[in-house]
Amino acid sequence: MKGLWLGLAVGTTFTCLLGQWVFSAASKETDSPKGISPEIVAEYVHSVVQADRTFYQTEILDRMRQKGMVFASEHWRADGGLPLHAQILQESGRLAAEQRKGMRVQLISSWAINKAHRPTTEFERTGLLKILANPDRPYTAVTTEGKARIFQALYADKAASQYCADCHNVHPNSPKRDFKAGDVMGGMLITIVLPQ
Ligand code: HEC
């Protein structure tokens, strides 16, 4: 008899716990999504932009150059060359910003060839130092810009090959001439305007 009561008690407890678990699992599935954090949005944007950039460099610029067809040129608008990697990013970033959806993508560097890419805010100056010390993690913060609250993420931009380093090292406007493959050359800055 004692065994029966014990068995009944254990069985009831087990059934209740299982019921609870099934119920909570089912209710999780029906939860509506609460929105994606800006950290994750920045991760998505960074991975897509970086993939497009790598594809453009290896499958378009490098192939065109190897076939002797057309070369990448800084003054592409005037001389009919193809835009450089940084210029593609700049142009697409400008078009995206024009849509006024509250997002910007830029390249910045402490050793920028183009002076407009040098750091101008406290976040950018600190971030460039942080990603130099810790290139595997983006530097992120929520700051303000005028009246808007913004989320910013700065990702290390590394010389994927010696070709990146060589082109920067010989450019007349480059303040640094000893980049090597693998070095952090600057950062990709992603800015997302947060809802007010
Ligand atoms: C053929 C030459 C060339 C190659 C190859 C090249 N760059 Fe650049 N890069 C430039 C020029 C020129 C600019 C400035 C463009 C402008 O005026 O906006 C630039 C801009 C940049 C910037 C923004 C800061 C700045 O200097 O203005 C970063 C960061 C950068 N490049 C990183 C890289 C990385 C990483 C690679 C390789 C994956 C690479 N570059 C390959 C020529 C090159």
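## Salt bridges and loops in a predicted model

D136 is exposed, with a relative accessible area of 67%. Here, exposed means over 50% relative accessible area, buried means under 20%, and partly exposed is anything in between (1.4 Å probe, protein chains only). Please keep in mind that this is a predicted model, in which local features need pLDDT of at least 70 and side-chain atom pairs count only at pLDDT 80 or more, while totals for chains, interfaces and linings use all residues. Residues are numbered from 1 along each chain as its sequence is written, and side-chain values use heavy atoms, leaving out hydrogens and water.

**Overall layout**

Let us step back to the whole chain. It has 6 helices and 4 strands, taken as DSSP runs numbered from the N terminus (helices: H or I, at least four residues; strands: E, at least two). The chain is 196 residues long, and 27% of them count as buried.

**Salt bridges**

Side chains of opposite charge can pair when their charged atoms come close. How many salt bridges does a search of the whole structure find? There are 11 salt bridges in the whole structure, each being a side-chain nitrogen of Lys or Arg within 4 Å of a carboxyl oxygen of Asp or Glu.

D136, which opened this report, takes part in one of them: its partner is K158, and the closest N and O atoms are 3.9 Å apart. K158 itself is partly exposed, at 40% relative accessibility.

Another salt bridge joins E91 to R77, with 3.2 Å between the closest N and O atoms. Because E91 lies in helix α4 and R77 in helix α3 (residues 76–79), the pair ties together parts that are 14 residues apart in sequence. E91 is partly exposed, having a relative accessible area of 23%, while R77 is exposed, with 60%. These two residues also belong to a network of salt bridges that links R77, E91, R94 and E98.

A further salt bridge brings together the side chains of D183 and K180, at 3.6 Å from N to O.

**How α2 and α4 pack**

Two packed helices are described by the angle between their axes and the distance between the axes. At what angle do α2 and α4 pack? Helix α2 and helix α4 (residues 85–98) pack at an angle of about 135°, and their axes are 10 Å apart. That makes α2 oblique to α4. The axes are lines fitted to C-alpha atoms, for helices over the stretch in contact, with angles from 0 to 180 degrees between N-to-C directions. Under 35 degrees counts as roughly parallel, over 145 as roughly antiparallel, 65 to 115 as roughly perpendicular, and the rest as oblique.

Helix α2 itself spans residues 38–66, and I40 is found in it. I40 is partly exposed, at 38% relative accessibility.

**Residues in the loops**

M69 is found in the loop between α2 and α3. With 54% relative accessibility, M69 counts as exposed.

A160 lies in the loop between β3 and α6. Is A160 buried or exposed? A160 counts as exposed, at 75% relative accessibility.

P175 has its place in the loop between α6 (162–170) and β4 (184–193). P175 is partly exposed, with a relative accessible area of 47%.

| Residue pair | Apart in sequence | Apart in space, C-alpha to C-alpha |
|---|---|---|
| M69 and G81 | 12 residues | 9.7 Å |
| A160 and A181 | 21 residues | 6.2 Å |
| P175 and A112 | 63 residues | 7.3 Å |
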